[in-house]
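Okay, thanks for making time, everyone. Have a look at this one on the screen, and I'll talk you through a few spots.

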Amino acid sequence: MVSSPHEAMHRIFQEYPGLFSRVSEVLGIDIPPPTSVTILPTDLTEARPVERRVDTLLRIETRDDGPFLLAIEAQGKKDPGKTTSWPYYVTYLHNRYGGLPVLLLVVCQDHATAEWAARPLTIGLRQWQTLTLNPLVAGPHNMPVITNVADARKDLALATLAAITHADNPDVGAILKTLSAALREAPEDIADPIVELTAQGLGNRPAAQQWRNLVAVDTSFYKSFMSEEIRDEGRAEGRAEGRAEGLAEGQARGLLLIFEVRGIAVTDQIREKITSCSDPQLLNQWLENATTASSAEEVVGQPQAD
(Lines give C-alpha, C1' and ligand atoms only; values in the text may rest on other atoms or scores of the structure.)
Protein backbone atom coordinates (compact mmCIF):
# COMPACT_ATOMS: atom_id res chain seq x y z
CA MET A 1 0.00 0.00 0.00
CA VAL A 2 1.39 3.41 -1.00
CA SER A 3 1.61 5.47 2.15
CA SER A 4 0.60 8.85 0.76
CA PRO A 5 -2.29 11.19 1.60
CA HIS A 6 -1.97 12.47 -1.98
CA GLU A 7 -2.95 9.05 -3.35
CA ALA A 8 -5.89 8.62 -0.99
CA MET A 9 -7.41 12.04 -1.72
CA HIS A 10 -7.99 11.21 -5.38
CA ARG A 11 -8.00 7.39 -5.41
CA ILE A 12 -11.13 7.36 -3.25
CA PHE A 13 -13.03 8.68 -6.29
CA GLN A 14 -11.75 5.70 -8.31
CA GLU A 15 -12.92 3.30 -5.61
CA TYR A 16 -16.28 5.07 -5.28
CA PRO A 17 -16.97 6.82 -8.62
CA GLY A 18 -20.40 8.02 -7.48
CA LEU A 19 -18.86 9.92 -4.56
CA PHE A 20 -18.63 13.19 -6.50
CA SER A 21 -22.41 13.45 -6.64
CA ARG A 22 -22.52 13.76 -2.84
CA VAL A 23 -19.42 15.97 -2.70
CA SER A 24 -21.00 18.41 -5.15
CA GLU A 25 -24.05 18.66 -2.88
CA VAL A 26 -21.80 19.45 0.08
CA LEU A 27 -20.02 22.13 -1.98
CA GLY A 28 -23.32 23.68 -3.06
CA ILE A 29 -22.99 22.86 -6.77
CA ASP A 30 -26.16 21.72 -8.58
CA ILE A 31 -24.91 18.77 -10.63
CA PRO A 32 -27.37 16.01 -11.58
CA PRO A 33 -26.74 12.58 -10.05
CA PRO A 34 -24.78 10.28 -12.38
CA THR A 35 -26.38 7.47 -14.31
CA SER A 36 -22.95 5.93 -14.94
CA VAL A 37 -19.28 6.71 -14.30
CA THR A 38 -16.24 5.56 -16.31
CA ILE A 39 -12.65 5.74 -15.09
CA LEU A 40 -10.48 7.13 -17.91
CA PRO A 41 -6.71 7.06 -18.51
CA THR A 42 -4.91 9.79 -16.62
CA ASP A 43 -2.01 10.23 -19.07
CA LEU A 44 -2.29 13.61 -20.80
CA THR A 45 1.07 13.36 -22.59
CA GLU A 46 1.14 14.49 -26.22
CA ALA A 47 3.47 13.32 -28.99
CA ARG A 48 6.16 15.75 -27.91
CA PRO A 49 8.26 14.62 -24.92
CA VAL A 50 6.33 16.45 -22.19
CA GLU A 51 4.64 14.11 -19.70
CA ARG A 52 1.58 15.39 -17.89
CA ARG A 53 -0.77 13.33 -15.72
CA VAL A 54 -3.91 14.29 -13.88
CA ASP A 55 -4.37 12.37 -10.62
CA THR A 56 -7.80 10.84 -11.39
CA LEU A 57 -10.04 11.30 -14.42
CA LEU A 58 -13.69 10.23 -14.56
CA ARG A 59 -16.32 10.44 -17.31
CA ILE A 60 -19.66 11.00 -15.62
CA GLU A 61 -22.96 10.46 -17.38
CA THR A 62 -26.07 12.30 -16.22
CA ARG A 63 -29.69 11.73 -17.22
CA ASP A 64 -30.64 15.23 -18.38
CA ASP A 65 -27.41 17.23 -18.76
CA GLY A 66 -25.34 14.67 -20.65
CA PRO A 67 -21.77 13.58 -19.90
CA PHE A 68 -18.88 15.59 -18.47
CA LEU A 69 -15.28 14.94 -17.44
CA LEU A 70 -14.20 15.24 -13.81
CA ALA A 71 -10.46 15.79 -13.35
CA ILE A 72 -9.41 15.33 -9.70
CA GLU A 73 -6.17 16.70 -8.28
CA ALA A 74 -4.94 15.97 -4.76
CA GLN A 75 -2.99 18.98 -3.53
CA GLY A 76 -0.86 18.74 -0.39
CA LYS A 77 0.69 22.21 -0.61
CA LYS A 78 0.81 25.34 -2.73
CA ASP A 79 2.47 24.71 -6.09
CA PRO A 80 3.02 27.66 -8.46
CA GLY A 81 3.44 25.20 -11.32
CA LYS A 82 -0.25 24.36 -11.18
CA THR A 83 -1.11 27.80 -12.56
CA THR A 84 0.04 26.51 -15.95
CA SER A 85 -0.63 22.75 -15.68
CA TRP A 86 -4.25 22.97 -14.52
CA PRO A 87 -5.43 25.16 -17.43
CA TYR A 88 -3.51 22.80 -19.73
CA TYR A 89 -5.31 19.77 -18.29
CA VAL A 90 -8.73 21.33 -18.80
CA THR A 91 -8.17 22.62 -22.33
CA TYR A 92 -6.41 19.42 -23.44
CA LEU A 93 -9.18 17.19 -22.07
CA HIS A 94 -11.86 19.39 -23.62
CA ASN A 95 -10.15 18.98 -27.00
CA ARG A 96 -9.25 15.28 -26.65
CA TYR A 97 -12.76 14.18 -25.66
CA GLY A 98 -14.67 15.97 -28.36
CA GLY A 99 -15.61 19.15 -26.54
CA LEU A 100 -17.04 17.54 -23.39
CA PRO A 101 -17.42 19.92 -20.44
CA VAL A 102 -14.54 19.57 -17.99
CA LEU A 103 -14.71 20.18 -14.23
CA LEU A 104 -11.56 20.38 -12.11
CA LEU A 105 -11.90 19.25 -8.47
CA VAL A 106 -8.97 19.92 -6.12
CA VAL A 107 -8.90 18.03 -2.79
CA CYS A 108 -6.84 19.54 0.06
CA GLN A 109 -6.12 18.83 3.72
CA ASP A 110 -5.26 22.29 5.03
CA HIS A 111 -6.99 25.66 4.88
CA ALA A 112 -4.10 27.61 3.35
CA THR A 113 -3.74 25.23 0.40
CA ALA A 114 -7.50 25.12 -0.12
CA GLU A 115 -7.70 28.92 -0.17
CA TRP A 116 -4.83 29.08 -2.66
CA ALA A 117 -6.32 26.37 -4.90
CA ALA A 118 -9.72 28.10 -5.05
CA ARG A 119 -8.34 31.28 -6.63
CA PRO A 120 -9.30 31.75 -10.30
CA LEU A 121 -6.44 31.10 -12.71
CA THR A 122 -6.30 33.58 -15.58
CA ILE A 123 -4.41 33.62 -18.86
CA GLY A 124 -4.28 36.80 -20.90
CA LEU A 125 -3.56 40.49 -20.52
CA ARG A 126 -4.37 42.72 -17.60
CA GLN A 127 -6.86 44.54 -19.78
CA TRP A 128 -8.53 41.35 -21.06
CA GLN A 129 -8.37 37.78 -19.76
CA THR A 130 -8.48 35.22 -22.56
CA LEU A 131 -9.08 32.24 -20.25
CA THR A 132 -10.24 31.96 -16.64
CA LEU A 133 -10.21 28.65 -14.74
CA ASN A 134 -12.26 28.28 -11.55
CA PRO A 135 -11.27 25.09 -9.69
CA LEU A 136 -13.82 23.47 -7.41
CA VAL A 137 -12.12 22.81 -4.05
CA ALA A 138 -12.96 20.29 -1.34
CA GLY A 139 -11.09 20.63 1.93
CA PRO A 140 -11.35 21.18 5.67
CA HIS A 141 -13.09 24.51 5.10
CA ASN A 142 -16.19 22.97 3.51
CA MET A 143 -16.23 19.19 4.02
CA PRO A 144 -18.52 18.01 6.84
CA VAL A 145 -17.19 17.00 10.25
CA ILE A 146 -18.99 13.67 10.73
CA THR A 147 -19.14 12.54 14.36
CA ASN A 148 -22.52 10.79 14.23
CA VAL A 149 -22.30 7.06 13.50
CA ALA A 150 -25.68 6.96 11.74
CA ASP A 151 -24.62 9.79 9.42
CA ALA A 152 -21.36 8.02 8.63
CA ARG A 153 -23.16 4.75 7.85
CA LYS A 154 -25.47 6.53 5.38
CA ASP A 155 -22.51 7.39 3.13
CA LEU A 156 -19.26 5.64 4.05
CA ALA A 157 -17.38 7.00 1.03
CA LEU A 158 -18.19 10.61 1.92
CA ALA A 159 -17.38 9.94 5.59
CA THR A 160 -13.99 8.57 4.52
CA LEU A 161 -13.17 11.56 2.33
CA ALA A 162 -14.31 13.89 5.12
CA ALA A 163 -12.00 12.12 7.61
CA ILE A 164 -9.06 12.42 5.21
CA THR A 165 -9.62 16.12 4.56
CA HIS A 166 -9.90 16.75 8.31
CA ALA A 167 -6.67 14.89 9.11
CA ASP A 168 -5.31 17.96 10.95
CA ASN A 169 -8.56 18.80 12.74
CA PRO A 170 -8.14 18.93 16.56
CA ASP A 171 -11.23 16.70 16.79
CA VAL A 172 -9.92 14.12 14.32
CA GLY A 173 -9.99 11.50 17.09
CA ALA A 174 -13.78 11.76 17.35
CA ILE A 175 -14.09 11.71 13.56
CA LEU A 176 -12.03 8.52 13.29
CA LYS A 177 -13.87 6.80 16.14
CA THR A 178 -17.14 7.55 14.36
CA LEU A 179 -15.88 6.11 11.08
CA SER A 180 -14.52 3.03 12.84
CA ALA A 181 -17.82 2.45 14.62
CA ALA A 182 -19.74 2.89 11.36
CA LEU A 183 -17.61 0.20 9.73
CA ARG A 184 -18.00 -2.28 12.55
CA GLU A 185 -20.95 -4.11 10.98
CA ALA A 186 -19.86 -3.61 7.36
CA PRO A 187 -18.78 -6.61 5.24
CA GLU A 188 -15.03 -7.00 4.76
CA ASP A 189 -15.18 -6.15 1.05
CA ILE A 190 -16.65 -2.77 2.00
CA ALA A 191 -14.68 -2.10 5.18
CA ASP A 192 -11.20 -3.12 4.01
CA PRO A 193 -10.76 -0.52 1.20
CA ILE A 194 -12.02 2.23 3.53
CA VAL A 195 -9.66 1.14 6.31
CA GLU A 196 -6.68 1.31 3.98
CA LEU A 197 -7.72 4.53 2.19
CA THR A 198 -8.11 6.26 5.55
CA ALA A 199 -4.70 5.06 6.73
CA GLN A 200 -3.22 6.22 3.46
CA GLY A 201 -4.90 9.61 3.71
CA LEU A 202 -3.67 10.26 7.25
CA GLY A 203 -0.06 9.69 6.16
CA ASN A 204 2.44 10.10 8.97
CA ARG A 205 0.29 12.38 11.11
CA PRO A 206 -0.31 11.50 14.78
CA ALA A 207 -3.90 10.61 13.86
CA ALA A 208 -2.59 7.76 11.69
CA GLN A 209 -1.48 5.78 14.75
CA GLN A 210 -4.83 6.43 16.40
CA TRP A 211 -6.58 5.00 13.34
CA ARG A 212 -4.27 1.99 13.32
CA ASN A 213 -5.14 1.31 16.95
CA LEU A 214 -8.86 1.60 16.26
CA VAL A 215 -8.55 -0.82 13.36
CA ALA A 216 -6.32 -3.26 15.21
CA VAL A 217 -8.74 -3.80 18.09
CA ASP A 218 -11.81 -4.34 15.94
CA THR A 219 -12.10 -8.01 15.00
CA SER A 220 -14.04 -7.22 11.82
CA PHE A 221 -10.89 -5.66 10.35
CA TYR A 222 -8.39 -8.38 11.29
CA LYS A 223 -8.04 -9.67 7.72
CA SER A 224 -7.25 -6.32 6.14
CA PHE A 225 -3.78 -5.59 4.80
CA MET A 226 -3.16 -2.90 7.35
CA SER A 227 -4.24 -5.04 10.29
CA GLU A 228 -1.84 -7.76 9.18
CA GLU A 229 0.88 -5.13 9.07
CA ILE A 230 -0.04 -3.93 12.57
CA ARG A 231 0.16 -7.44 13.96
CA ASP A 232 3.52 -7.98 12.24
CA GLU A 233 4.82 -4.81 13.89
CA GLY A 234 3.45 -5.99 17.21
CA ARG A 235 5.24 -9.31 16.86
CA ALA A 236 8.48 -7.55 15.97
CA GLU A 237 8.09 -5.23 18.96
CA GLY A 238 7.36 -8.24 21.14
CA ARG A 239 10.57 -9.93 20.03
CA ALA A 240 12.55 -6.78 20.77
CA GLU A 241 11.10 -6.24 24.24
CA GLY A 242 10.44 -9.82 25.23
CA ARG A 243 7.70 -11.57 23.26
CA ALA A 244 5.21 -12.32 26.03
CA GLU A 245 5.67 -9.00 27.79
CA GLY A 246 5.40 -6.95 24.59
CA LEU A 247 2.33 -8.88 23.37
CA ALA A 248 0.54 -8.54 26.71
CA GLU A 249 1.21 -4.81 26.83
CA GLY A 250 -0.21 -4.32 23.34
CA GLN A 251 -3.27 -6.44 24.13
CA ALA A 252 -3.92 -4.41 27.27
CA ARG A 253 -3.76 -1.15 25.33
CA GLY A 254 -6.09 -2.57 22.70
CA LEU A 255 -8.59 -3.74 25.31
CA LEU A 256 -8.72 -0.31 26.95
CA LEU A 257 -9.14 1.28 23.52
CA ILE A 258 -12.12 -0.98 22.75
CA PHE A 259 -13.78 0.18 25.97
CA GLU A 260 -13.08 3.81 25.04
CA VAL A 261 -14.46 3.45 21.49
CA ARG A 262 -17.60 1.68 22.74
CA GLY A 263 -18.14 4.24 25.52
CA ILE A 264 -17.76 1.70 28.33
CA ALA A 265 -16.61 3.11 31.66
CA VAL A 266 -13.46 1.61 33.21
CA THR A 267 -12.72 2.02 36.90
CA ASP A 268 -9.18 2.52 38.18
CA GLN A 269 -9.28 -0.97 39.72
CA ILE A 270 -10.23 -2.63 36.43
CA ARG A 271 -7.67 -0.58 34.53
CA GLU A 272 -5.01 -1.78 36.97
CA LYS A 273 -6.17 -5.38 36.57
CA ILE A 274 -5.88 -5.13 32.79
CA THR A 275 -2.51 -3.38 32.62
CA SER A 276 -0.95 -5.69 35.21
CA CYS A 277 -2.09 -8.89 33.46
CA SER A 278 0.81 -10.74 31.80
CA ASP A 279 -1.15 -13.68 30.39
CA PRO A 280 -1.56 -13.20 26.60
CA GLN A 281 -4.17 -15.97 26.33
CA LEU A 282 -6.35 -14.42 29.02
CA LEU A 283 -5.97 -10.96 27.49
CA ASN A 284 -6.91 -12.35 24.08
CA GLN A 285 -10.09 -13.83 25.58
CA TRP A 286 -10.91 -10.47 27.15
CA LEU A 287 -10.37 -8.77 23.78
CA GLU A 288 -12.85 -11.10 22.08
CA ASN A 289 -15.44 -10.60 24.84
CA ALA A 290 -15.02 -6.82 24.86
CA THR A 291 -16.56 -6.38 21.38
CA THR A 292 -20.00 -7.47 22.62
CA ALA A 293 -19.98 -6.95 26.41
CA SER A 294 -22.04 -4.20 28.01
CA SER A 295 -19.62 -3.45 30.86
CA ALA A 296 -15.94 -3.80 31.70
CA GLU A 297 -16.85 -5.97 34.71
CA GLU A 298 -18.59 -8.41 32.37
CA VAL A 299 -15.29 -8.84 30.49
CA VAL A 300 -12.65 -9.05 33.22
CA GLY A 301 -14.76 -9.78 36.30
CA GLN A 302 -15.02 -7.78 39.52
CA PRO A 303 -11.61 -6.81 40.96
CA GLN A 304 -10.85 -8.25 44.39
CA ALA A 305 -11.45 -5.95 47.35
CA ASP A 306 -8.40 -4.64 49.17
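So, start with helix α2, residues 19-26, and helix α6, residues 156-165: they pack at an angle of about 60 degrees, and their axes are 9 Å apart. Helices here are DSSP runs of H or I with at least four residues, strands are runs of E with at least two, and both are numbered from the N terminus. The axes are lines fitted to C-alpha atoms, for helices over the stretch in contact, with angles running from 0 to 180 degrees between N-to-C directions.

Who makes the contact? On the α2 side you have Leu19, Arg22, Val23 and Val26, and on the α6 side Ala157, Leu158 and Leu161. Contact, by the way, is heavy atoms within 4.5 Å.

Before I go on, the caveats. This is a predicted model, so local features need pLDDT of at least 70 and side-chain atom pairs count only at pLDDT 80 or more, while totals for chains, interfaces and linings use all residues. Residues are numbered from 1 along each chain as its sequence is written, and side-chain values use heavy atoms, with hydrogens and water left out.

Staying on α6, look at Thr160, which sits in that helix. Buried or exposed? Thr160 counts as buried, because its relative accessibility is 0%. The cut-offs are under 20% relative accessible area for buried, over 50% for exposed and partly exposed in between, with a 1.4 Å probe and protein chains only. Skipping neighbours within four places in sequence, Thr160 touches Ile12, Leu179, Ile194, Leu197 and Thr198.

Ile12 takes us to helix α1, residues 5-15, where the buried residues are Pro5, Ala8, Met9, His10, Ile12 and Phe13. Their cover includes α2 and α6 again, plus β2 (56-62), β3 (68-75), β4 (102-108) and α8 (188-202).

Now for a contrast, His94 in helix α3, residues 82-96. His94 is partly exposed, at 40% relative accessible area. Beyond its neighbours within four places in sequence, His94 contacts Gly99, Leu100 and Val102. Its C-alpha is 8.3 Å from that of Leu69, 25 residues away along the chain.

Zooming out, the protein has 14 helices and seven strands, and 46% of its 306 residues are buried.
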